[in-house]
Amino acid sequence: MKARNKRLLLVGGGVALLVAAVALVLTAFQQNLVFFHTPSEVYEGKAPTGRAFRIGGMVEEGSIRREADGLTVSFAITDTAKVIPVTYRGTLPDLFQEGKGAVVQGMLDAGGHFRATEVLAKHDENYMPVEAQYAIDQAHKAAQTVQQ
Amino acid sequence: MKAKFLVPLVIFLALAGFLAYGLKLNPREVPSPLVGKPAPAFSVAQLQAPEASFSSADMRGQVWLLNVWASWCVSCRQEHPLLVELGRRGVVPVVGLNYKDGRADALDYLVRHGNPYTTIAVDPEGKVGFDYGVYGTPETFLIDREGVIRYKHIGPLTREHFERVLMPMITELSRAG
Amino acid sequence: MIAELGHFALILALVLACVQAVVPLVGAQQNRYALMAVGRPAAQAQLFFLLFAYGCLTWAFVTSDFTVRLAAVNSHTATPLIYKITGVWGNHEGSLLLWAASLSLWTVAVTIFSRDLPEAFMARVLGVLGAISAGFVSFTLFTSNPFTRLLPAAAEGRDLNPLLQDPGMIIHPPLLYMGYVGFSVAFAFAIAALLSGRLDAAWARWSRPWTTAAWVFLTAGIAVGSGWAYYELGWGGWWFWDPVENASFMPWLLGTALIHSLAVTEKRGAFRNWTVLLAISAFSMSLLGTFLVRSGVITSVHAFATDPARGLYILVLLVLVIGISLTLFAWRAPRLTGGGSFALMSRESTLLGNNVLFAVVTGAVLLGTLYPLFLDALNMGKISVGPPYFEAVFVPLMVPVVVLMVIGPFVRWKNDDSARIVRRLAPGAIVSVLLGVGLAVVVGNFTWRTVLGLALAAWVLIGSVQLLRARVAERPGAAAGAGVRLRGIPAAWWGMWLAHLGVGVFIIGVTMVGSLESELDVRMKDGQTARLAGYTFTFRGVVDAPGPNYLAARATIEVARGERQIATLTPEKRLYLAQQMPMTEASLDIGPFRDVYVSLGDELEDGSWIVSLYHKPFISWIWLGCTLMGVGGICAAADRRYRRLAERRVPAAATQSA
């Protein structure tokens with residue numbers, strides 16, 4: 001094979017690979033990005049239905065309840081402005097407690113109830129999930145804007 | 001032909017630009033326009049004795065902390081043990097500003113978690129908080145003897161941050177004059 | 001007093017690092033041997049002072065000297081001794097000191113094991129390493145001094161984060177750091193070569209053992225970290241695509257590419273630009289990883305208390321180090337084109353393919369890691385990129401890498417006959433596909449994922465056997481017995497063979513766990529049983545089992561298969577006292593073909609407990625595969641060839657640069 005042809009083939013192969021990789025990354029992003037919404041946004045209907053997303057906030061005091069099977073847990077997550085009920089089946093993280101920050105990932109069902117597939121809590125006593133803190137801050141900013 | 005060797009550098013610099021911007025996004029460093037200015041004066045009722053009032057002028061001549069908190073505030077609970085310890089050790093007077101809260105809830109909170117405050121001012125509608133530019137609880141202001149705000153901390157105080165930043169300032173301010 | 005001595009030693013180390021950064025480089029530029037000779041003693045003295053400082057800090061932890069702030073925040077009188085020692089690096093300041101100490105250790109290792117390098121080249125290498133060291137030691141001193149006093153002293157320490165109080169955490173950080181920092185040597189060699197304009201086969205030969213050694217540490221560090229996550233985080237996952245995991249994985253990917261690219265540069269003088277760029281990039285990824293973990297730009301499990309001022313310092317350091325090297329690259333690289341030509345079907349082509357794919361995978365991982373930050377910066381909403389993205393991108397890109405890995409070693413350098421390769425490999429490939437399909441049916445999980453994984457793994461194993469046979473048959477002087485011929489194979493070849501075999505074993509583990517694992521959450525009371533994957537679990541109650549610095553409830557669960565008792569597992573729910581932090585301690589029965597994994601959840605009002613049961617087929621094969629890769633790396637780095645530098649300073653194959 002001539003050097004020129006070989007070079008062309010190599011460059012062509014490289015470009016094809018790159019295009020394939022970019023396509024791969026884009027589709028993967030399309031399908032797997034998980035957006036984050038605050039409880040207030042969910043309440044206002046800004047969250048998607050039929051697609052997983054995350055909610056952050058604090059677990060409302062006195063809201064944790066176990067169903068009869070002992071495994072399904074329901075609780076409410078709040079940014080201090082709005083409250084979203086959540087159910088989750090499975091083991092909760094060690095640091096999941098009422099009145100503490102948490103982030104849940106899952107989907108809204110037809111009744112506006114959030115079914116979580118994943119529950120994240122902070123990992124040590126100093127660390128509040130950033131997203132949970134963000135949701136609460138947003139709610140306060142909103143409250144203040146209303147006041148002013 | 002030579003330009004292609006600059007590509008890695010250009011990509012890297014773009015990346016570094018984003019990272020620098022990412023650093024700036026960090027919510028923990030919000031400069032406050034109030035730092036260095038006189039603390040807004042206020043006179044409101046006290047939580048434990050609603051008939052008595054607390055005025056910021058009462059604290060003239062002392063270096064003190066104004067801690068904005070509420071019983072509904074999650075992050076406040078994180079810093080609470082530290083405040084209780086400060087109160088016990090008597091490092092610095094800590095005045096609480098009970099922000100947009102119910103009186104019963106607030107008292108219940110103190111019973112459950114301990115009361116670190118020398119006095120607690122109540123601000124049910126957030127008016128004082130508005131003057132102080134509070135945008136979320138907890139926030140903590142360091143105020144000097146002349147009533148000037150010297151430092152503002154947004155979010156829960158950590159022990160590390162207190163020892164590293166606040167404590168040296170408190171020592172310095174108490175010594176001066 | 002001890003803390004002040006440590007602080008002083010750290011200052012001296014910084015001064016020495018600055019000397020080491022400047023004097024030898026000037027010497028090399030002006031060709032003055034007296035100046036070049038300063039590098040070695042400076043590096044060695046610097047190591048002494050860094051180790052001394054490190055020792056002082058450890059002393060403060062061990063003696064529970066809570067006038068040292070770091071000890072007060074990260075240790076406790078009741079902490080077991082071993083965790084007092086490991087607590088030193090379980091925090092930001094201490095881990096930076098460890099970073100600096102490992103860099104210094106690598107530098108001194110270079111002065112010892114590569115002492116036959118030309119004086120000017122050695123001087124440049126030491127200068128570059130000294131500059132990096134100066135950056136990190138000053139970072140430690142100015143923004144994160146580990147010796148800061150706490151006055152008045154704390155009455156009691158706050159203890160190490162309980163998640164880190166685990167045997168896996170004893171060795172994970174040092175291994176990982178040795179790996180991260182180890183790429184600085186390959187980086188320094190590349191910069192030294194760029195500075196001298198001498199980028200030839202000899203340079204590649206000198207770099208190879210160091211790159212491989214760093215890669216071995218990194219492989220081991222990542223594997224241990226993943227093992228730790230598996231049993232300590234309590235739900236049996238072994239890789240999470242967490243930003244900080246990615247931060248260690250990206251240098252690994254590029255390091256793997258670099259090892260292969262160096263092979264081409266050494267043997268054939270080709271890819272020189274690319275190899276230099278990889279050496280710079282691999283170390284850049286290490287620095288970027290440090291930045292991500294330390295700056296708080298990305299929060300994750302691993303992020304210690306973070307601070308934007310520190311982030312800025314590292315970012316500036318990052319920009320200086322990488323910016324200067326890439327500028328140097330752009331300036332020098334145009335002169336480095338050329339090298340041996342090669343045909344489309346050649347060993348070079350397969351290695352080039354492997355390199356490009358590794359680089360693309362690294363880019364995709366980097367994008368996924370930083371994308372949330374980009375969107376946030378552009379104010380386009382908060383998002384998270386989870387494991388599904390990484391899996392969707394990683395698997396399709398790695399499949400061709402594995403295919404090339406099997407083919408590559410059979411292909412000759414420069415030019416080969418495609419028909420010969422096909423004849424050679426097609427039977428094995430066909431058998432592998434059949435095996436993949438057959439095994440997937442046998443294990444009852446006929447999905448494309450299982451078939452693909454098993455077929456690939458089978459092909460790697462078959463290919464390895466074929467490769468070994470071919471190697472034995474092809475050796476010159478084949479008259480001697482097979483044993484003699486086996487012994488005649490150089491260690492570097494065995495290294496390659498073992499590491500590739502390890503990849504096959506690893507794929508088996510990943511595929512089997514991914515396809516066949518099962519789990520069950522149940523509530524259990526005394527005497528109750530649950531069944532999972534043919535195993536019977538019997539709950540035998542919960543007792544108190546306090547430890548030195550925690551309280552614990554310990555359950556006893558008997559595991560049986562049919563009538564046969566297999567194991568008694570004792571998962572715990574602990575409460576660490578100093579931080580009032582609850583922790584789940586899982587209990588495992590480890591076997592060659594499966595793990596049985598049990599962790600304890602919450603207690604319910606009626607006295608029953610929630611228990612999570614997991615069956616993890618072939619999961620140990622993941623770490624067995626990593627071990628094989630690591631052992632392969634050790635063999636390759638230890639090859640005798642690299643120790644004969646003096647005799648073969650200018651190998652015949654070298655193609656001199658312009």
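C:Asp589 stands opposite C:Val596 in strand 10 of chain C. The model is predicted, so local features need pLDDT of at least 70, side-chain atom pairs count only at pLDDT 80 or more, and totals for chains, interfaces and linings use all residues. Residues are numbered from 1 along each chain as its sequence is written, while chains are lettered from A and ligands numbered from 1 in the order in which they are written.

Strand 9 and strand 10 (residues 594–603) of chain C run antiparallel and share four bridges. Strands here are DSSP runs of E with at least two residues, helices are runs of H or I with at least four residues, and both are numbered from the N terminus. Two strands count as paired if DSSP finds at least two bridges between them. Strands of a sheet pair through backbone hydrogen bonds, either parallel or antiparallel.

In chain C, four strands make an open sheet in the order 2-11-10-9, with antiparallel pairing. Strand 2 (518–524) and strand 9 (587–590) of chain C each have a single partner strand, so they stand at the edges and one side of each is left without a neighbour in the sheet. On average, neighbouring strands of this sheet are turned by 15 degrees against each other, direction ignored. Axes are lines fitted to C-alpha atoms, for helices over the stretch in contact, and angles run from 0 to 180 degrees between N-to-C directions.

Other strands of chain C also pair. Strand 3 (residues 529–532) and strand 4 (residues 535–544) of chain C are antiparallel and joined by four bridges. C:Arg531 faces C:Thr536 of strand 4. Two residues lie between the strands of this hairpin, and C:Ala533 takes a positive phi near 50 degrees there. Strand 4 of chain C also pairs with strand 5 (residues 550–561) of chain C, again in the antiparallel sense, over eight bridges. Here C:Phe539 stands opposite C:Ile557 of strand 5. Five residues link strand 4 to strand 5 of chain C in a hairpin.

Helix packing was examined in chain C. Helix 8 (residues 167–196) packs on helix 10 of chain C at an angle of about 45 degrees, and their axes are 11 Å apart. Helix 8 is therefore oblique to helix 10 of chain C. Angles under 35 degrees count as roughly parallel, over 145 as roughly antiparallel, 65 to 115 as roughly perpendicular and the rest as oblique. The crossing of helix 8 and helix 10 of chain C is left-handed, meaning that the near helix is turned anticlockwise from the far one by less than a right angle; clockwise would be right-handed. From helix 8 of chain C, C:Leu176, C:Tyr180, C:Phe183 and C:Ala186 meet C:Ser248, C:Pro251, C:Gly255 and C:Leu258 of helix 10. By class, this contact between helix 8 and helix 10 of chain C has six nonpolar, two polar and no charged residues. Ala, Val, Leu, Ile, Met, Phe, Trp, Tyr, Cys and Pro count as nonpolar, Asp, Glu, Lys and Arg as charged, and the others, Gly among them, as polar. Residues are in contact if their C-beta atoms, placed from the backbone, lie within 7 Å.

Two loop residues of chain C have positive phi. C:Asn31 has phi near 60 degrees and lies in the loop between helix 1 (2–30) and helix 2 (33–36) of chain C. C:Asn31 counts as exposed because it has 11 C-beta neighbours inside 10 Å. A residue is buried with 20 or more other C-beta atoms within 10 Å of its own, exposed with 12 or fewer, and partly exposed in between; C-beta atoms are placed from the backbone. C:Trp241 has a positive phi of about 55 degrees. The loop between helix 9 (201–232) and helix 10 (243–268) of chain C holds C:Trp241. With 18 other C-beta atoms within 10 Å, C:Trp241 is partly exposed.

Chain A has three helices and seven strands. Buried residues make up 38% of its 148 residues. In strand 4 (residues 72–78) of chain A, five of the seven residues are buried. Seven bridges join strand 4 to strand 5 (residues 83–89) of chain A, and the two run antiparallel. A:Ser74 has A:Thr87 of strand 5 as its bridge partner.

Notes: Contact = placed C-beta atoms within 7 Å.
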